[in-house]
Amino acid sequence: MLGAIWLLTEVGTRSSAGLDHWLDEHGTPYLGFAIFCALVGFLWAIYEPRKVAFDIPLTSTRLTLKYGNLFKEDADWLIGVNEFFDSRIGDVVAKGSIHGQVICDYFGGDEAKFRTQVTPALQPFTGTTIPRTVGETTRYEIGTTAVLDRGDKHIYLVALSRTDVSTNKAQSSIPELWTALSAALCKVHERGNGQPLALPLLGNGRASINLPPQHLLRLVVLAIVDYAKTAQLPNSVSILLHEDCFSVLDLTEIRRDWSTK
């Protein structure tokens, strides 16, 4: 910015004697103005927005990436869970995970109430019985999506991660993330009726996909864009990001990439 101002000043003073004379008389305030402009330009260049949005090309869907609390979104929620759709808080489902927060915050920590909705929602699917010392014993395929009612909204619980039955540690992979997200979006297309959709950065928590957040966000955005081009999604889809990711995410880069397509 300062270089551009200097260049314009040089050109102006060489082509206009009046401007050159004016600068001789007002050099100090002009220098202050130039420094102010340079400072504004610098701050603008380093500014990192907390929210960006762009239209997915060739669709009616607008995708928003923003920092915030998923559970405050007036929208359907899409949440990743483990392949057992567990409900036991503590050694099986971490209380701080999004899966755990649904049970604790929305169902009041009542595991039986959670199961009252999840069990019938899983009835159309065939699972495999697996011996476990704690937790549910029916394992479902990655991508299995249980649709729960939440007033006039829905909660889509999608099997995203596999669970080590000896340690209860959940783990997923990039292909499994893609499979799970595609299957869940298919269910949104079938059941959503155009309701706005909100989801967290899937794979960034207990699912343990070993991928930096920026790459993971690119992947999740790509999966949504890819699906939106084959079947209609809601006009509004939002990815809610955790504050811990602020220093490692560049939302402007992702908006720039897709805004130019």
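How many bridges join strand S3 to strand S7? Select residues 76-82 for S3 and residues 153-163 for S7, and you will find two strands that run parallel and are joined by 6 bridges; strands here are DSSP runs of E with at least two residues, helices are runs of H or I with at least four, both numbered from the N terminus, and two strands pair if DSSP finds at least two bridges between them.

The model is predicted, so to speak of local features a pLDDT of at least 70 is needed, side-chain atom pairs count only at pLDDT 80 or more, and totals for chains, interfaces and linings use all residues. Residues are numbered from 1 along each chain as its sequence is written, and side-chain values use heavy atoms, with hydrogens and water left out.

Stay on S3, where 6 of the 7 residues are buried, meaning under 20% relative accessible area with a 1.4 Å probe and protein chains only. Tryptophan 77 has isoleucine 155 as its bridge partner in S7, and it also stands opposite alanine 198 in S9; S9 (residues 197-200) pairs with S3 in the parallel sense over 2 bridges.

Next select arginine 150, in strand S6 (residues 145-150), which touches Trp77 and Ile155 among others, contact being heavy atoms within 4.5 Å.

Finish at helix H4 (residues 98-106), whose buried residues, including His99 and Ile103, pack against S3 and helix H5 (111-122).

Key:
Buried means under 20% relative accessible area, exposed over 50%, partly exposed in between (1.4 Å probe, protein chains only). Lists of a residue's contacts leave out its neighbours within four places in sequence.
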